[in-house]
Amino acid sequence: MTDWSIADHTFMSRAVQIAWQGLYTTEPNPRVGCVLVRDGVQIAEGYHRKAGEGHAEVNALRHAGEQAKGCSAYVTLEPCSHHGKTPPCADALIAAGVAEVVVGMVDPNPQVSGRGIAKLEQAGIKVRCGLMETQCRALNPGFIKRMATGMPYVRLKMAASLDGRTAMASGESKWITGPLARQDVQRLRARSSAVISGVGSIISDNASLNVREAELGLENAAEVAARQPLRVVLDSSGRMPERAKLLSLPGRTLIVSCVDAPGFIAACDSVEWLKLPGKQGGIDLHALLKTLVARDCNEILVETGATLAGAFIAAGLVDELVIYQAMKLLGSNALPMFLLPLDRMSEQKKLTLIDSRILGDDLRLTLIPGLES
């Protein structure tokens, strides 16, 4: 086991911190940070800002210039060893004459895992690995899961009253939560590769499922909103309204159905209709997620009604549940969060709370599936 010093933790902490600056812009690439250190003093830093642009190591090396020779590099993710849209970062570190590389975690891509480290060591560079791995993994849950399992990381978001209701029986639901909670939802959308909803939400709310610049509250809101996540609407029987607002919005929309597309879809250049084989009268959610992985989707946000939300939970496809809870009561006639036909205590779905915080007058709960009782 490697003995990590206080200085090691300090520099890797900074690398993690700057990596988060790429939270909304690196898709489908991982978020990575790099700090360069000489004689115990940081001399440069860089992070991966946007897919297709320089990676964290390259950006840090550019800032360091000739000072990079003989320094130590702290990187949250193993330097890449293969050619993609940019040259290998391992080669750049070797060419710069770096003496040591401290790696937060090994690249989870099975095609490249360990090869960057091996290339550095073959060039005579000392490599230490595993510093603050938990924090480094937290940067990229979707990328890691996609590479390790071939499935995306799925967040299910629900907004509900204190008594667990999402809308009145009539369907009226605006607004259960306040502006800070709605801003937070916009940021969840912005970090996601795709946003999934059911056609019922489109019919009842004319939902847009887009990232709205004015509601993000970020300094780089314009840049963030320019990269719209893929909007995915599940419409098993072909009920999509011809005048639905999201059909004319900037960005891409994918409608997944068990039937052929209606004629008006052909006129929508940014809309794709995908006919996917059904399962028990509905869309096969596992097949849907596999389809999205094939499109390089890392993190998926599900925003939908009780039926589809319950189906995702029942299928065991939810990695994280985010509930925005308003301090209100909507009553027993209002609609529930999930349709989950459970009859016995042995069937209960146990969750583990990993975060809770106040957003204005609302409470945000973040939970992950727990061990069954």
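Please keep in mind that the model is a predicted one.

I begin with the open sheet. Five strands make up this sheet, and their order across it is β2-β1-β3-β4-β5, with mixed pairing. Which strands stand at the edges? They are β2, residues 41-47, and β5, residues 126-129. Each of these has a single partner strand, so one side of each has no neighbour in the sheet. From one strand to the next, the twist averages 15°.

Helix α2, residues 56-64, lies across β1 (33-38), β2 and β3 (72-75). Relative to β2, helix α2 runs at about 135°.

I now turn to strand β6, residues 153-160. How many of its eight residues are buried? The number is seven, and therefore β6 is largely enclosed by the rest of the structure. Here, buried means under 20% relative accessible area.

Which strands pair with β6? One of them is β14, residues 299-303, which is parallel to β6 and joined to it over five bridges. In that pairing, Arg155 has Leu301 of β14 as its bridge partner. Strand β15, residues 320-326, also runs parallel to β6, and six bridges join the two. There, the bridge partner of Ala160 is Gln325 in β15.

Thank you for your attention.

Terms used:
Residues numbered from 1 in each chain as written. Predicted model: local features only at pLDDT ≥ 70, side-chain atom pairs only at ≥ 80, totals over all residues. Heavy atoms only, no water. Pairing = 2+ DSSP bridges. Helix = DSSP H or I, 4+ residues; strand = E, 2+ residues; numbered from the N terminus. Axes fitted to C-alpha atoms, helices over the stretch in contact; angles between N-to-C directions. Contact = heavy atoms within 4.5 Å. Buried < 20%, exposed > 50% of the residue type's maximum accessible area, 1.4 Å probe, protein only.
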